[in-house]
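The sequence and the model are shown first.

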Amino acid sequence: MEVLDYHKLKIFKTVADLKSFSKAADILFLSQPTITLQIKKIENYLGITLFKRRKNQLELTEEGRVLYEYASKILDDYNQMENAISSRFSVSKNFLTIGASSTIGEYFLPEILSKFYKDNPDLKLNLFIGNSKEVAEGVLSKVFNIGLVEDDIQSNKFDIKPFYEDEIILISSVKNDIPDELSVEDLDKYKFIARETGSGTRNVVEKYIKTKLNTVMEVSSSKSIVNIVENTDLLAFVSKLISLDSLNKGLIKHIKIKNVQIIRNFSIITQKNIRLSPIENRFYVYILKNKMAP
């Protein structure tokens, strides 16, 4: 007999928060058919329709909004119960789920997580890697309580603490006949490859440059962008962390921009007043203590 359990309610709330079956699947580490099946099971169990589509946007029905209100309370109570038992009776719960934007997850975190794992050998970790917008959405929907982002998040819903200062640089293939320094106005003469809309890197560049670039290609992987730049006449703005290997091998070059240096913070975000579990709190403190690494 089907029951309306924690697992189904969490899937439902995540779909509702993200307004997308596919995004919920990615962030919960499940397949999209699994997400669809679980939502259908809830609808069959309750005899209602939970979602409707309006202009390609997924919205809750009136019945769905009622379920969302109670599901949110149930999931919050469940997490508080787990935390209370863990803290009061010293029960070890070492499941850690975090979200990280692409540059942080692929180039900053591996060394940090390796060190953290050595100090916490019983750790079981799920790491979601997406763009900054997706990570922020994951924190808001409580799929994970800790997010690591490279964008300048402006919201009073988060506690935001910077932990690393990163530089974004303009790169070109060494094969390109291009000056070592350009003005912002010069950028109009060139074609660019960039991250997708919602990417922290793209958002920060647009804020600093304040001009529309001639972007002819969008790629969701920063490393792939560097590889494409190596072999084309396209230019790109990328994190210095990502480009270091290709710079050192002489495959690309750093093009300076007159009177512009793009510096951004990597930040750790949580919902305001969220109560972190012991393992989440240890990781949070660890990140801040090791903020100059790697």
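Asn120 is located in the loop that runs between α5 (102-119) and β4 (124-130). In this predicted model, Asn120 has a relative accessibility of 11% and therefore counts as buried, the cut-off being under 20%.

Two contacts of the Asn120 side chain may be described. One is made to the backbone oxygen of Phe116, which the side chain reaches at 2.9 Å. The other is a polar contact with the side chain of Arg282, at 3.1 Å.

## Aromatic pairs

How many aromatic pairs does the count give? The count comes to 13 aromatic pairs. In the pair formed by Tyr164 and Phe266, the ring centres are 5.4 Å apart and the planes meet at 25°, so the pair is classed as stacked; the class requires planes under 30 degrees apart. Tyr164 belongs to strand β6 (residues 158-173) and Phe266 to strand β12 (residues 262-271), so this pair ties together parts that are 102 residues apart in sequence.

## A ring cluster and a charge over a ring

Ring pairs also join Phe12, Phe21, Phe51 and Tyr68 into a cluster.

A contact of another kind involves Tyr70 and a lysine: Lys73 lies over the face of the Tyr70 ring, at 5.3 Å from the ring centre.

When the whole structure is searched, 1 cavity of 30 Å³ or more is found. The space within the largest cavity is about 40 Å³. Its lining consists of Leu18, Lys23, Asp26, Ile27, Phe128, Glu134 and Glu137.

Which helices supply at least two residues each to the lining of the largest cavity? They are α2 (21-28) and α6 (132-140). Of these, α2 provides the largest share of the lining, with 3 residues. By class, the lining of the largest cavity comprises 3 nonpolar and 4 charged residues, with no polar residues. Among the lining residues, Leu18, Ile27 and Phe128 fall in the nonpolar class, whereas Lys23, Asp26, Glu134 and Glu137 fall in the charged class.

Notes
Residues are numbered from 1 along each chain as its sequence is written. This is a predicted model: local features need pLDDT of at least 70, side-chain atom pairs count only at pLDDT 80 or more; totals for chains, interfaces and linings use all residues. Side-chain values use heavy atoms; hydrogens and water are left out. On a 1 Å grid over the protein atoms alone, a cavity is a set of points where a 1.4 Å probe fits but cannot get out, and a pocket is an open set with protein on both sides within 12 Å along at least five of seven lines; lining residues have an atom within 4 Å of a point. Grid points are joined across faces, edges and corners, and a volume is the space filled by probe spheres set on the points. Helices (H or I, at least four residues) and strands (E, at least two) are DSSP runs, numbered from the N terminus. Rings of Phe, Tyr and Trp (its six-membered ring) pair if their centres lie within 6.5 Å; planes under 30 degrees apart count as stacked, over 60 as edge-to-face and the rest as tilted. A charge sits over a ring if NZ of Lys or CZ of Arg is within 6 Å of the ring centre and within 35 degrees of the ring normal. Buried means under 20% relative accessible area, exposed over 50%, partly exposed in between (1.4 Å probe, protein chains only). A polar contact is a pair of N or O atoms within 3.5 Å; within protein, one must be able to donate a hydrogen and the other to accept it, and residues adjacent in sequence count only if both atoms are side-chain atoms.
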